[in-house]
There are 2 protein chains.
Amino acid sequence: MTDLANDLFLRACLRQPTERTPVWMMRQAGRYLPEYRATRAKAGDFLTLCKTPELACEVTLQPVELVGVDAAILFSDILVVPEAMGMELLFTAGEGPKFPQPIRTAADVARLPVPDPMVELKYVMDAIALIRRSLAGRVPLIGFSGSPWTLATYAVEGGGSKNFSVIKKMLFNDPQTLHQLLDKLADSVAVYLNAQIASGVQAVQIFDTWGGVLTTSDYREFSLHYMQKILDQLTRDHDGRRVPVILYTKGGMGWLEQIAATGCDVVGLDWTIDIDRAKARIGDQVALQGNMDPCMLYANPDRIRSEVRDILARFGEGCGHIFNLGHGITPDVPVAHARAFIQAVKEESPAFHRQAAA
Amino acid sequence: MTDLANDLFLRACLRQPTERTPVWMMRQAGRYLPEYRATRAKAGDFLTLCKTPELACEVTLQPVELVGVDAAILFSDILVVPEAMGMELLFTAGEGPKFPQPIRTAADVARLPVPDPMVELKYVMDAIALIRRSLAGRVPLIGFSGSPWTLATYAVEGGGSKNFSVIKKMLFNDPQTLHQLLDKLADSVAVYLNAQIASGVQAVQIFDTWGGVLTTSDYREFSLHYMQKILDQLTRDHDGRRVPVILYTKGGMGWLEQIAATGCDVVGLDWTIDIDRAKARIGDQVALQGNMDPCMLYANPDRIRSEVRDILARFGEGCGHIFNLGHGITPDVPVAHARAFIQAVKEESPAFHRQAAA
């Protein structure tokens, strides 16, 4: 299928047989790794790390080499998209990202351009090319973006939020302006992901981190609709290969059927739903990615292994499972535990793929 | 049924016919009310407000008189229970609650007594007696407590949390200690709620604000199990009247059947599930409370009214709906909007209760 030494991830995304369950971790290139912290220190600040292809490449490869994951994911931040649209973005130590001039009015939205990813986000494309060369076919490379709704929460709130009160005020009182913003973000994300695919990523994931704070009808109208719009514009085949698309909505357990119906290849699950229930609902249409509680990595390796076994058993025999955490790995996890997790999936999962091996 | 001028809330909890849908708001005695802020200023600090029956009574009655809700809820804080168990509790302005000496070991747990609510929490019982006298039968009074799991998150983390990493470390690595803590909290909550009932509250709600951060099996083992333990100890009839019990787990949409199976009278819903779906799942066993997105109160009154109408229509004709927000009202909501919400429920709901009126 590809010239990859390990294409388990891509095959599982397409629900093709594999000898074992592939595994990677959201936020796997991150602060829990001392090597990441060293590269980050070299960069000076977080945005410089994102914008320097050599350094972004370095941290992208670290979990492949140090932890043994079955896929690399481009090191970047979801907020580089609004930044590329002209919004000043600050990462202040210990404070999380800030947009000092948030989007509040129709005029603010009108001023935002759809960026040319080959210009404003060229550093990402350069990083992708470099990562692909450095990976040299060891594992596939995943590209990603935030969902329009999730990007809009930061752009409108001006940073992270607890209640999302500012963007919900806009949603309820001025939905037209919010729709214009989401539409522009969807177009920006679509061209951005297509540029990533053209530059060499072999799958893409859309992170809808904050879709779960919406009601069902608002989720459909303000989040899922715009992910669908992106999907409809995406390059789904490149160089004769299918480019799998993963949709991940944290807190989206109520909407799995609608998410699967977008035509994505994989639905990402958080840890609050049992994977057997998710499989019963949508497993005949899509592959499933997930879904161990990231906090399980605080447990000792034996406990981690028993949890891995439990999730594998819930998914059961057969194709279409990519093991992952239900959300990003947290910074204070011991590296040995992350390694034990990956190792446990590799050792425990072949028993569930006997047909493929036979 | 009672000597109440307005017993709509109690009847709806028991799925008895009502002429319209009763309505109240979680956190209705709160900072969005200028009158609350004035009483709070008089008290000096938050804990003094909780511990001074006259002032707690004053703020409990404010939403009844100023906003027109169909039930009063005791003004207090869920964390007075661990405080009554001897944990020092600080409310620092703008920082949220803090326990400077959090519970981390089996020895810490062993040192915690089950409090005598008539001693350590006597100020709550005094407030209840005073509130009942001041209400003079206008509307029923709801008592409440945090769930053992939710109380434990604060007691173990030492305050609010984002990832709940400290308590989850305990959950995965030292579940026995956590079980001992939860067991003691369950006993403390049970005697506390029974004392509230003996003192005059006419229904009780258990707030499981953080149950939704758990996996399904951990929710069952570490949260629901201990709410069940409380239910099994609760006084369910007092003075010849049923005392309805409301269980509310934020993020609990995956576990509605298990929550209803505890034998509670009412299941509280957050706003991420459509109430018609919840009703189809458990509406034959329990009443439902909820579930408008609290942020909807930022919208203009017309938009609020159309949302109220939508939720009423989803629930449809018949008994067993207590209208509420899906979580607490936020401090920056205009009072006029809160009033418009209550008014909209009162005006729009009779159409769904024609049989009762006929």
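Here are some worked exercises on a predicted model with chains A and B.

**Exercise 1. The two chains**

Work out which rotation and shift superpose chain B on chain A, and describe the side of chain B that touches chain A.

*Solution.* 
- Step 1: name the relation. That is what a two-fold axis does.
- Step 2: ask whether the surface recurs. Of the contact residues of chain B, 100% recur in chain A, and the same surface serves both copies.
- Step 3: count the contacts. On chain B, 26 residues are in contact with 26 residues of chain A.
- Step 4: look for the main contributor. Helix 9 (residues 165–173) of chain B supplies the largest share of this side, 5 residues.
- Step 5: sort the side of chain B by class. There are 9 nonpolar, 11 polar and 6 charged residues.

**Exercise 2. Helix 4 against helix 7 in chain A**

Find the angle at which the axes of helix 4 and helix 7 of chain A cross, and say which residues make the contact.

*Solution.* 
- Step 1: take the geometry. The axes of helix 4 (residues 53–66) of chain A and helix 7 (residues 122–135) of chain A cross at roughly 50° and come within 8 Å.
- Step 2: classify the angle. An angle from 65 to 115 degrees would be roughly perpendicular and one under 35 roughly parallel; helix 4 of chain A and helix 7 of chain A are therefore oblique to each other.
- Step 3: list the partners. Helix 4 of chain A brings Pro53(A), Glu54(A), Ala56(A), Cys57(A), Thr60(A) and Leu61(A), while helix 7 of chain A brings Tyr123(A), Asp126(A), Ala127(A), Leu130(A), Ile131(A), Ser134(A) and Leu135(A).
- Step 4: sort them. The contact of these two helices of chain A has 9 nonpolar, 2 polar and 2 charged residues.
- Step 5: recall a general point about spacing. An α-helix has 3.6 residues a turn, so residues three or four places apart point the same way.

**Exercise 3. Helix 14 of chain B and a residue in it**

Describe how helix 14 of chain B crosses helix 15 of chain B, then decide whether Ile311(B) is buried or exposed.

*Solution.* 
- Step 1: look at the axes. Those of helix 14 of chain B and helix 15 (residues 335–348) of chain B come within 9 Å, with a crossing angle of roughly 40°.
- Step 2: classify the pair. Helix 14 and helix 15 of chain B are therefore oblique to each other, and their crossing is right-handed.
- Step 3: find the contact residues. From helix 14 of chain B come Pro301(B), Ile304(B), Arg305(B), Val308(B), Arg309(B) and Leu312(B); from helix 15 of chain B come His337(B), Ala340(B), Phe341(B), Ala344(B), Val345(B) and Glu348(B).
- Step 4: sort the contact. By class, helix 14 and helix 15 of chain B meet through 8 nonpolar, 1 polar and 3 charged residues.
- Step 5: turn to Ile311(B), which lies in helix 14 (residues 301–315) of chain B. Being buried takes 20 or more other C-beta atoms within 10 Å; Ile311(B) has 25, so Ile311(B) is buried.
- Step 6: name its partners. Setting aside neighbours within four places in sequence, Ile311(B) is in contact with Ile275(B), Asn291(B) and Met292(B).

**Exercise 4. Backbone exceptions**

Say which peptide bond is cis in chain B, and compare the surroundings of Arg15(A) and Asp239(B).

*Solution.* 
- Step 1: Most peptide bonds are trans, and most residues other than glycine have a negative phi.
- Step 2: find the cis bond. In chain B the bond from Gly290(B) to Asn291(B) is cis, with omega near 0°, and Asn291(B) belongs to strand 10 (residues 287–292) of chain B.
- Step 3: check chain A. A cis peptide bond joins Gly290(A) and Asn291(A), with omega about -10°.
- Step 4: turn to positive phi. Arg15(A) has a phi near 55°, and so does Asp239(B).
- Step 5: Arg15(A) sits in the loop between helix 1 (8–13) and helix 2 (34–43) of chain A, whereas Asp239(B) sits in the loop between strand 6 (237–238) and strand 7 (241–242) of chain B.
- Step 6: count neighbours. Arg15(A) has 20 C-beta neighbours inside 10 Å and counts as buried; Asp239(B) has 10 and counts as exposed.

Technical notes: Residues numbered from 1 in each chain as written. Chains lettered and ligands numbered in written order. Predicted model: local features only at pLDDT ≥ 70, side-chain atom pairs only at ≥ 80, totals over all residues. Axes fitted to C-alpha atoms, helices over the stretch in contact; angles between N-to-C directions. Helix = DSSP H or I, 4+ residues; strand = E, 2+ residues; numbered from the N terminus. Parallel < 35°, antiparallel > 145°, perpendicular 65-115°, else oblique. Contact = placed C-beta atoms within 7 Å. Nonpolar A, V, L, I, M, F, W, Y, C, P; charged D, E, K, R; others polar. Least-squares fit on C-alpha atoms with pLDDT ≥ 70 in both. Buried ≥ 20, exposed ≤ 12 C-beta atoms within 10 Å, placed from the backbone. Left-handed = near helix turned anticlockwise from the far one by under 90°.
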